[in-house]
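Let's take a walk through this structure together, going from strands to surface to salt bridges. Keep the viewer open as you read.

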Amino acid sequence: MADTKAPDLTDITPTVHALEADTVLGLLASRPRLLALGEPTHGEDALLDVRDGLFRQLVEEHGYRTITIESDCLKGLIVDDYVTSGTGTLDDVMAHGFSHGFGASAANRELVRWAREFNTGRAAADQLRFAGFDGPLEITGAESPRQALTALHGYLADHVAADLLPCTARTLDTLLGADDRWTEPAAMMDPARSVGRSAEACRLRLLADDLVALLDAQTPHLIEVTSRGAWERARLHGRSAVGLLRYHHGMADTSPGRMTRLLGVRDSMMADNLLALADRGPTLVFAHNSHLQRRRSTMRMWDHPLLEWWSAGALVGARLGAEYAFVAMALGTIRHQGVGTPPPDTLEGLLYALPQECAVIDAGRLAAVLGETPPALRESPWFGYASLDPSHLTDCDGLVFVKDVPQVPGA
C-alpha cells in the first residue's frame with residue numbers, strides 16, 4: 001500500500017519564500033512577457049491587495065508598465081484613459097470602467113488612484129497602462145456588438161477611401177436594430193430567444209470580418225496617419241466585434257455542445273486580448289486561476305454534464321511558451337463565506353500549518369516533495385471558491401498561499 005503519511009514540514013519549508021517580485025521572478029527561467037497571477041475566488045479585496053503589492057514592486061523595480069484584469073476589455077478603455085490622461089473622474093471610472101461588479105472594490109479603486117498618481121507628469125512611454133482582457137460579456141449573456149462595430153467602422157471611415165468600406169454606418173445601424181434584442185436575458189436558457197443566427201446577425205458577421213480585413217490591409221497607412229495606439233484600439237474593437245458575434249451565434253445553438261462552445265469562445269477572446277497585450281511589453285495578468293491555468297478548465301452548470309474547454313492560459317501558453325508564466329493562488333480560510341480551516345490531508349491544509357501569513361512557493365519543488373501521492377483535493381463548502389487541484393502543481397511556475405482572508409469592514 002502507498003505511504004500516505006503527510007510530508008514533513010521541514011521538507012516543504014525550503015520551497016517557501018516571502019512574497020516579493022524578486023522571488024516570483026526568481027522562480028522563472030527567463031523573464032516572461034505575460035506574468036499571470038491567479039486567484040481562487042472573486043470579490044476578496046485582501047487578495048487584490050496581494051496583487052497590488054506585487055504589481056507595485058514589478059513597476060518600481062522591474063519596469064513593468066501594464067496590468068490587465070478579468071474585466072470587460074471595452075470598459076477597460078475608460079480606466080486606461082483616466083490613468084494615462086486624467087479623462088473623467090475617479091468616481092465615474094469606477095462606476096463605468098469595470099464589469100463583473102469589480103468597480104465596487106476598494107482595492108481596485110486604490111489601484112486606479114495610484115496608477116493615475118504614478119503617471120502624473122511622466123512621459124507617455126513611461127506611463128502605466130490598464131486593460132481589461134475579458135470580452136464584453138458575462139457568463140450568462142453578452143453585450144450588443146454595436147459599440148465595437150461602430151467604433152471600428154468610424155475609425156476606418158475617417159482614414160480610408162469610402163469605396164473600400166464594405167458598408168455604410170447606416171447599414172450597420174439598420175442590421176443591429178435595438179440593442180435589447182442582443183442582450184435578451186432569456187437567451188441563455190432558451191436558444192430560440194437569441195438573435196445570434198438571424199439573417200441580420202449572419203450578415204453582420206461577414207461585414208465584421210471584412211472590416212477587420214480592411215483594418216489589417218491598411219495597417220501601415222493607419223499607423224502613419226493616426227498612431228499605433230489608435231490602431232491598436234481599433235484592433236481591439238475588431239476582435240471584440242468578431243468575438244461577440246461569434247458568441248451570439250453560439251447562444252442560438254441548440255446542439256449538446258452549446259455551453260462548451262460558449263465557454264470556449266469566451267476564453268478564446270481572453271487569449272486574443274492577452275496576446276495583443278504581450279506585444280506591449282511585460283504585463284501582469286490577474287484573473288481566476290481557472291482562466292489562467294495551462295490545463296483545460298472544467299465546470300458543472302445546471303443540468304449539464306461536466307463541461308471542459310481550453311482556458312485562456314492554455315491557449316496563450318501554447319503560443320508564447322516560456323514567455324507566459326502562471327503563478328496560481330491558494331488560500332486557507334474565508335470564514336465569512338463559510339470556508340474554514342482546511343483539512344490537514346489537503347494541499348491547503350498542509351500549507352496552512354506553515355507560519356507565514358502570505359508566501360510564494362516553488363510549485364515544482366513542492367510537487368517533488370509531495371511525491372507520487374499528492375494530498376487530497378479540498379472540497380469547497382462555498383460555490384464561489386475553487387480549491388487548487390494538487391495535480392496541477394507541475395503546470396504552475398509558482399504558488400502564492402494566503403493563509404486567512406479577512407472580511408473587509410462594511411462589505
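Predicted model: local features only at pLDDT ≥ 70, side-chain atom pairs only at ≥ 80, totals over all residues.

Let's begin with the strands. Please find strand β3, which covers residues 66-72. Seven of its seven residues are buried, and therefore β3 is largely enclosed by the rest of the structure. Which strands pair with β3? One of its partners is strand β4, residues 129-134, which runs parallel to β3 and is joined to it by five bridges.

Now move to strand β10, residues 324-333. How many of its residues are buried? Ten of the ten are, so β10 is largely enclosed by the rest of the structure. Strand β2, residues 34-39, pairs with β10 in the parallel sense over four bridges, and in this pairing Leu-35 stands opposite Ala-325 of β10. Strand β12, residues 398-404, also pairs with β10 in the parallel sense, over six bridges. There you can look for Thr-333, which stands opposite Asp-404 of β12.

Glu-20, Asp-22, Glu-60 and Glu-61 form a negative surface patch. Of these, Glu-61 sits in helix α3, residues 45-62, and its relative accessible area of 46% makes Glu-61 partly exposed. His-100 deserves a look if you like backbone torsions: His-100 is not a glycine, yet its phi is positive, at about 60°. You will find His-100 in the loop between α5 (90-96) and α6 (106-119), and at 22% relative accessibility His-100 counts as partly exposed. In helix α11, residues 228-251, please find Val-242, which counts as partly exposed at 25% relative accessibility. Val-242 and Leu-206 are 36 residues apart in sequence, and their C-alpha atoms are 9.2 Å apart in space.

Finally, let's turn to the salt bridges. A search of the whole structure finds 20 of them. One of these joins the side chains of Arg-129 and Asp-80, at 2.8 Å from N to O. This pair links distant parts of the chain, as Arg-129 is in strand β4 and Asp-80 is in helix α4 (residues 76-85), 49 residues apart.

Asp-253 now returns, in a salt bridge with the side chain of Arg-197 at 4.0 Å from N to O. Why does this pair tie together parts that are 56 residues apart in sequence? Because Arg-197 lies in the loop between α8 (169-176) and α9 (199-217), while Asp-253 lies in the loop between α11 and α12 (258-278). Arg-197 is partly exposed, with a relative accessible area of 39%.

A further salt bridge is that of Asp-395 with Arg-295, whose closest N and O atoms are 2.2 Å apart. Asp-395 lies in the loop between α16 (363-370) and β12, and Arg-295 in the loop between α13 (289-292) and β8 (296-299), so this pair ties together parts that are 100 residues apart in sequence. Asp-395 counts as partly exposed at 23% relative accessibility, and Arg-295 is partly exposed with a relative accessible area of 29%. To close the tour, find Arg-56, Glu-110, Arg-113 and Glu-117: salt bridges that share partners join these residues into one network.

Note on methods
Residues numbered from 1 in each chain as written. Heavy atoms only, no water. Buried < 20%, exposed > 50% of the residue type's maximum accessible area, 1.4 Å probe, protein only. Helix = DSSP H or I, 4+ residues; strand = E, 2+ residues; numbered from the N terminus. Pairing = 2+ DSSP bridges. Patch = residues over 30% accessible without salt bridge, like charges linked within 9 Å, V, L, I, M, F, W, Y side chains within 5 Å. Areas by Shrake-Rupley, 256 points an atom, 1.4 Å probe, with all protein chains shown as cover. Lys, Arg positive; Asp, Glu negative; His and termini not counted. Charge placed at Lys NZ, Arg CZ, Asp CG, Glu CD.
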